Amino acid sequence: MQATPLTIPYKQIGDLSLYIDIYSPTTDADYPVPAVIFFHGGGMTVGDRTSWLPIWLCKRTTAAGFAFISADYRLLPPSTGYDVLEDVIDLFAFLAHTPRLGTVHIDSTRLAVAGNSAGAMCAFLSVGHANPKPRAVLSLYCFGGDLMSPFFLLPKTEPFFNGYEILDPAEFSEFLFPKSESLAPIAQSLPTCFGPDSPTPGMPSNARMRVVRLYLQLGVFLDYWTGCHEPSVSAALRALLPEKGDESGPATIDPRLHQALPPTAHTIFPELLVNSEWPPVMLIHSSNDPAVPARGSRVMHARLLDAKVETTLRIVDSNHHSFDLNDGAEKAFGEVFNEAIDFLRAALDVA
């Protein structure tokens with residue numbers, strides 16, 4: 001894996017540039033090579049193409065002869081899921097029309113997508129809308145496989161996200177509607193933390209790191225994802241949930257929830273995009289994820305099975321959300337990592 005990737009813009013929106021980082025295969029190739037496109041996590045509110053990068057995946061893909069491409073996309077707020085979808089579509093169009101990236105020639109007929117946490121939502125959206133269509137999806141502890149669920153819709157009054165404290169909305173007024181509408185579009189916001197000399201070492205110093213937790217705490221994430229605040233789409237969906245908000249219920253989606261969504265919103269809900277034409281999908285999630293319940297991956301897996309899509313679900317024994325980024329992950333989960341790259345090799349016809 002090269003130490004410094006090639007960074008180029010793939011899209012310009014006014015003064016805002018969206019970039020991709022391209023990691024070349026470890027062996028030189030004078031022919032078009034397949035590529036894995038990666039979307040970062042961050043709850044859709046923070047991060048950029050360098051954030052939460054799974055080095056294990058980058059190393060394995062480039063060693064297998066793939067290019068590894070990590071992409072920016074616009075963040076909530078003020079952007080919405082429609083803007084994120086537009087960025088995903090435009091990225092694939094860029095790769096189709098710009099196959100030569102520095103010294104690397106991309107084979108746009110052999111693209112796979114991967115994403116961790118919220119980045120998995122981008123990966124799923126690409127399957128439903130992008131051209132060329134990806135030939136495989138690798139989802140790592142997906143955030144958003146079950147958007148119309150109590151986790152996203154119910155307000156919380158006790159710690160629910162990695163054990164962190166309940167937040168005071170007054171401290172985040174600029175990120176709350178309607179003030180959030182005045183923010184400038186952004187696609188790069190690094191997940192920085194306070195240093196060892198701070199009274200709160202290791203805690204987030206970038207307020208955006210806590211914004212998604214606030215939206216989940218208030219049960220309004222979908223208002224910001226869809227842009228539907230008045231009336232609140234979250235409130236409309238919340239009213240249709242079972243009284244106790246059972247998270248262990250079946251993977252089927254109540255048709256009343258579909259009907260409560262604006263018709264255009266169906267385009268940005270991954271669970272509503274699944275059909276029999278999806279490529280193979282591998283989902284990996286920790287068994288006791290303290291930030292994003294594994295139910296999202298289980299529900300997505302069940303919907304894929306119902307649609308007769310080739311799909312694999314791996315629930316690993318861990319108490320961490322981004323378990324693959326922790327020290328010792330290679331030793332603990334190396335076999336699952338190898339299975340993931342074998343999955344991608346098979347889908348992209350790489351021996």
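**Exercise 1. Work out how α2 passes α3: what is the hand of the crossing, and what is the angle?**

Solution. 
- Step 1. The crossing of α2 with α3 is right-handed. Here a right-handed crossing has the near helix turned clockwise from the far one by less than a right angle, and a left-handed one has it turned anticlockwise. Helices are DSSP runs of H or I with at least four residues, strands are runs of E with at least two, and both are numbered from the N terminus.
- Step 2. Note the source. This is a predicted model, in which local features need pLDDT of at least 70 and side-chain atom pairs pLDDT 80 or more, while totals for chains, interfaces and linings use all residues. Residues are numbered from 1 along each chain as its sequence is written, and side-chain values use heavy atoms, without hydrogens and water.
- Step 3. Helix α2 covers residues 81-97 and helix α3 residues 119-129; they pack at about 65°, with axes 9 Å apart. Axes are lines fitted to C-alpha atoms over the stretch in contact, and angles run from 0 to 180 degrees between N-to-C directions.
- Step 4. That angle makes α2 roughly perpendicular to α3. The classes are: under 35 degrees roughly parallel, over 145 roughly antiparallel, 65 to 115 roughly perpendicular, the rest oblique.
- Step 5. From α2, Val84, Leu85, Val88, Ile89 and Phe92 meet Cys122, Leu125, Ser126 and His129 of α3. Contact means heavy atoms within 4.5 Å.
- Step 6. Sorted by class, this contact of α2 with α3 holds seven nonpolar, two polar and no charged residues. Nonpolar means Ala, Val, Leu, Ile, Met, Phe, Trp, Tyr, Cys and Pro; charged means Asp, Glu, Lys and Arg; the others, Gly among them, are polar.

**Exercise 2. Describe the packing of α1 with α10: how far apart are their axes, and which residues meet?**

Solution. 
- Step 1. Helix α1 (residues 55-63) packs on helix α10 (residues 329-347) at about 45°, and their axes are 10 Å apart.
- Step 2. The two helices, α1 and α10, are therefore oblique to each other.
- Step 3. Their crossing, α1 with α10, is right-handed.
- Step 4. On the α1 side are Trp56, Leu57, Arg60 and Thr61; they meet Glu330, Gly334, Phe337, Asn338, Ala340, Ile341 and Leu344 in α10.
- Step 5. By class, the contact of α1 with α10 has six nonpolar, three polar and two charged residues.

**Exercise 3. Trace the side chain of Ser232: which side chain does it contact, and which backbone nitrogen does it reach?**

Solution. 
- Step 1. Ser232 lies in the loop between α6 (221-226) and α7 (233-238).
- Step 2. Its side chain makes a polar contact with the side chain of Asp223, at 2.9 Å. A polar contact pairs N or O atoms within 3.5 Å; within protein, one must be able to donate a hydrogen and the other to accept it, and sequence-adjacent residues count only if both atoms are side-chain atoms.
- Step 3. The Ser232 side chain also reaches the backbone nitrogen of Ala235, at 3.0 Å.
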